[in-house]
Amino acid sequence: MTLSRGARVALRIGMIIGLAVIYVPLFVVLVNSFNADKAFAWPPSHLTGHWWSTAWGNGGVRTALWTSVKAGLGATLVALVLGTMAAFAVQRYRFFGRDTVSLLVILPIALPGIVTGIALNNAFRTVLSPLGIQLGLFTVVVGHATFCVVTIFNNVLARLRRLGTRVEEASADLGADTFQTFRYVTFPLLRSALLAGGLLSFALSFDEIIVTTFTAGAGVQTLPIWIFNNLFRPNQAPIVNVVAAALIVLSVVPVYLAQRVSGDTRGL
Amino acid sequence: MSTTVTPGGPVRRFAGLLHRRPYLRLAALLSAPLLWLVVAYLGSLAALFAAAFWTTDDFTGEVVKQFNLGNFQELWNQSVYRTITLRSVGVAAAVTVIDTAVAFPMAFYMAKIASPRAQRWLVIAVLTPLWASYLVKAYAWRIMFSGSGVLSWILDPFGIHGPGYGLPATIVTLAYLWLPYMILPIYAGLERLPNSLLDAAGDLGARTFRTFRTVIWPVAVPAVIAGSIFTFSLSLGDYITVKIVGGKSQLIGNVVYDNIGAADNLPFAAAVATIPVVIMVIYLVAVRRTGALDNL
């Protein structure tokens, strides 16, 4: 391609600066978690690993982490079931309102989180509270599942479109009934799409704070809520730093898994 | 097969019934998702927006379920809400413009200049921070902007004071948070642009800028719009970042939040929450005409 030398150099510099802007703040958080000063000061005068062991022993962090994992797994499980069902319906059938279903699945993630959050909060308090179900982990799972469905839906939809129906027809011709075909033919072919979607769904749930704020009630703290509640407390700063740094390091895991699962990072 | 069912078994008969009646299958498939999304989710939304037409009794704090437009009148008449709405839209627009300006050269470099190997790594490099927590990234900028933070450390020797917490810090942080959502669509769009078009423009004598204006930009516009949907809508509803780096600044999200929490005035919060929804719907309808929604 014929680009002037100047333009090439300028673009290369733009790329480098862009990547620097993306990574410098993350790097600062990592370094800062080893900052020996309790009051934040940059650059750190001494480095220490002390805060990491303090954070590891912190009960609040552990409880919050465990809550987040439970919420993420619960929401992903619900999303897997609902998203797959909706994807099958939309991909394999022609019916009135089919486009509306696709739109409906995207809506919870397209609307501002605070709208979804207060809508669910209001509904839970008026419908579930009289039944004796208070805001808690269950309502968090319900809230998260609502916006996680789209990740599974998109992945399964794309996979079904690519698969076509021939293998399923072959399976039926060989005498398998609907359930056997799903279990032995369709499901194994969907597995990697489900994994990729599930991974994204878990990550979305694990990171969510706005809907969580409105659905968690007073007693339940997910990790993001714990971070937010402690963000403005100076004496908790070292532990917040460590948690933040740990989350940055952990964010490499899903990228690696996504690479392994699909060989394609554009599963978003 | 280990689980072969006898031909007359109930499971097999049920499967046969499903097989013969596609509409039964469809109904079964749609039942749970629609029950969840229509009844639970749309129902909650509808109830919320119905509540926008109610009021809260000033003395008892009870919600008065009587239709009136008082909340919307207050939103319209009080200049503070107009200011906050304009400020939020301004922030969202600024974030979108900054992200486009930063993302475009990066996406172009990734799509057209980098070698295929480098391309793969660059996509991963741009994607990885997406998995890092939203809150952690906002916190990172709190450290960057803090009084004894990294920006002051860099800028002070030059005699410049860092901007500190406030609206500019909010815009920078939001732009940082949503940058990958802008890079990826533009990258995907430019990757589809054939190199031969760029060569042809060069052969016909177009310089870099002219090629950009007449060949690259028109092809990239739908992708930019697709990215802008993310950057714009995500910025419009945000209230957490403002709390972390925005100092005392308020956006629409904060007004909603404060009315739910401290003021406990759900009807008014619901009315305020309609503002970003209406703005986004207008934006999406306008965008639909450009065909950018197919790029999502």
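1. Helix H6(A) is largely enclosed by the rest of the structure, because 20 of its 27 residues are buried (under 20% relative accessible area with a 1.4 Å probe, protein chains only). The model is predicted: local features need pLDDT of at least 70 and side-chain atom pairs count only at pLDDT 80 or more, whereas totals for chains, interfaces and linings use all residues. Side-chain values rest on heavy atoms, without hydrogens or water, and residues are numbered from 1 along each chain as its sequence is written.

2. H6 of chain A covers residues 137-163 and reaches 37 Å from its first C-alpha to its last, close to the 39 Å expected at 1.5 Å a residue (1.5 Å times one less than the number of residues). Helices here are DSSP runs of H or I with at least four residues, numbered from the N terminus.

3. A kink of about 40 degrees in H6(A) is centred on A:Phe147; the bend is the angle between axes fitted to the seven residues ending there and the seven starting there. After the helix comes A:Gly164, with a positive phi near 70 degrees.

4. At the interface, 92 residues of chain B are in contact with 87 residues of chain A (heavy atoms within 4.5 Å). In chain B, the residues that lose the most area to chain A are B:Trp36, B:Tyr41 and B:Trp131, together 11% of what that side buries (accessible area, 1.4 Å probe, lost on putting two parts together, summed over both).

5. The rule finds one salt bridge across this interface (a side-chain nitrogen of Lys or Arg within 4 Å of a carboxyl oxygen of Asp or Glu). The side chains of A:Asp177 and B:Arg12 meet in a salt bridge at 3.7 Å, N to O. Helix H2 of chain B (residues 22-51) gives the most to the side touching chain A, with 21 residues.

Methods: Chains are lettered from A and ligands numbered from 1 in the order in which they are written. Helices (H or I, at least four residues) and strands (E, at least two) are DSSP runs, numbered from the N terminus. Buried means under 20% relative accessible area, exposed over 50%, partly exposed in between (1.4 Å probe, protein chains only).
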